[in-house]
Amino acid sequence: MHKYLKERSMMLLRSLATAACCALLTTASFAQTGDSKPPLSPPATADVTLKGKQVTINYNSPRLKDRIIGTTIVPYGKVWRTGANPATTLIAATNLKIGTLDVPAGTYTIYTLPNADQWLLIINKQTGQWGTEYSESKDLGRTPMQSKTLPSSQENMSIGFEHTKGGSTELHVKWGTTDEYVGVHAE
């Protein structure tokens, strides 16, 4: 009788182990079938080192999809989260001068106020919000941006640092044929 119980216990353990392996393999195969679609506005990062200190911008990159900046997307005269999904975050490990603004080291949210003639970059002290949950009373400040026209339309919105030399760089927001930028200097 003892031998019979031992064999039954072993068969039960093998059955449980087989079931667990099948469940694991099934879960893994679902994860690899592509059932989850990539996000429409994937996360992106812009990094630069100024005077040995890191400056990082985390954002989500929307697609143009035949929309027109200033009208059907990013309407002129309305604060924009400068990306998609969660608000765009600036993390500065050093004090910065962004355009005309003095920005102490820390974490901030970046917004822009687009207009046909000039965009404003907004540095806001509120962080962790979704989308355009914007409170003007939390602004650290606003600074004008300069503008260039891109030679061809850019489908994916991007934020990047260009023309970096030592403690200086330019922060660029590009989308469609729009290139809005502002100087950034480590203090």
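Predicted model: local features only at pLDDT ≥ 70, side-chain atom pairs only at ≥ 80, totals over all residues.

Colleague: Which other residue forms a salt bridge with Arg142?

Modeller: A salt bridge requires a side-chain nitrogen of Lys or Arg within 4 Å of a carboxyl oxygen of Asp or Glu. Glu136 meets that condition with Arg142, the closest N and O atoms being 3.7 Å apart.

Colleague: Is Asp139 buried or exposed?

Modeller: The general idea is that a residue counts as buried under 20% relative accessible area and as exposed over 50%. Asp139 has a relative accessible area of 16%, so this residue is buried. Glu136, at 53%, is exposed, while Arg142, at 28%, is partly exposed.

Colleague: How many salt bridges does a search of the whole structure find?

Modeller: The search finds four. One of them joins the side chains of Lys174 and Glu162, at 2.6 Å from N to O. This pair links distant parts of the chain, with Lys174 in strand E12 and Glu162 in strand E11 (residues 146-165), twelve residues apart. Lys174 is buried, with a relative accessible area of 16%, and Glu162 is partly exposed at 24%.

Colleague: Let us turn to the rings. How many aromatic pairs are there?

Modeller: Rings pair if their centres lie within 6.5 Å. The count comes to three aromatic pairs. Among them, Trp80 and Trp175 are stacked, at 5.8 Å centre to centre with 10 degrees between the planes. Trp80 lies in the loop between strand E4 (73-75) and strand E5 (88-92), and Trp175 lies in strand E12 (residues 168-186), 95 residues apart. Both Trp80 and Trp175 are buried.

Colleague: What angle separates the planes of Tyr111 and Tyr134?

Modeller: Planes over 60 degrees apart count as edge-to-face. Tyr111 and Tyr134 form such a pair, with 70 degrees between the planes and 4.8 Å centre to centre. Tyr111 is in strand E8 (residues 106-113), whereas Tyr134 is in the loop between strand E9 (120-124) and strand E10 (139-144). Tyr111 has 0% relative accessibility and therefore counts as buried; Tyr134, at 22%, is partly exposed.

Colleague: Which residues form one aromatic cluster?

Modeller: Trp80, Trp119 and Trp175 form that cluster. Elsewhere, Lys148 lies over the face of Tyr181, at 5.0 Å from the ring centre.

Methods: Residues numbered from 1 in each chain as written. Heavy atoms only, no water. Phe/Tyr/Trp six-rings, centres within 6.5 Å; stacked < 30°, edge-to-face > 60°. Helix = DSSP H or I, 4+ residues; strand = E, 2+ residues; numbered from the N terminus. Buried < 20%, exposed > 50% of the residue type's maximum accessible area, 1.4 Å probe, protein only. Lys NZ or Arg CZ within 6 Å of the ring centre and 35° of its normal.
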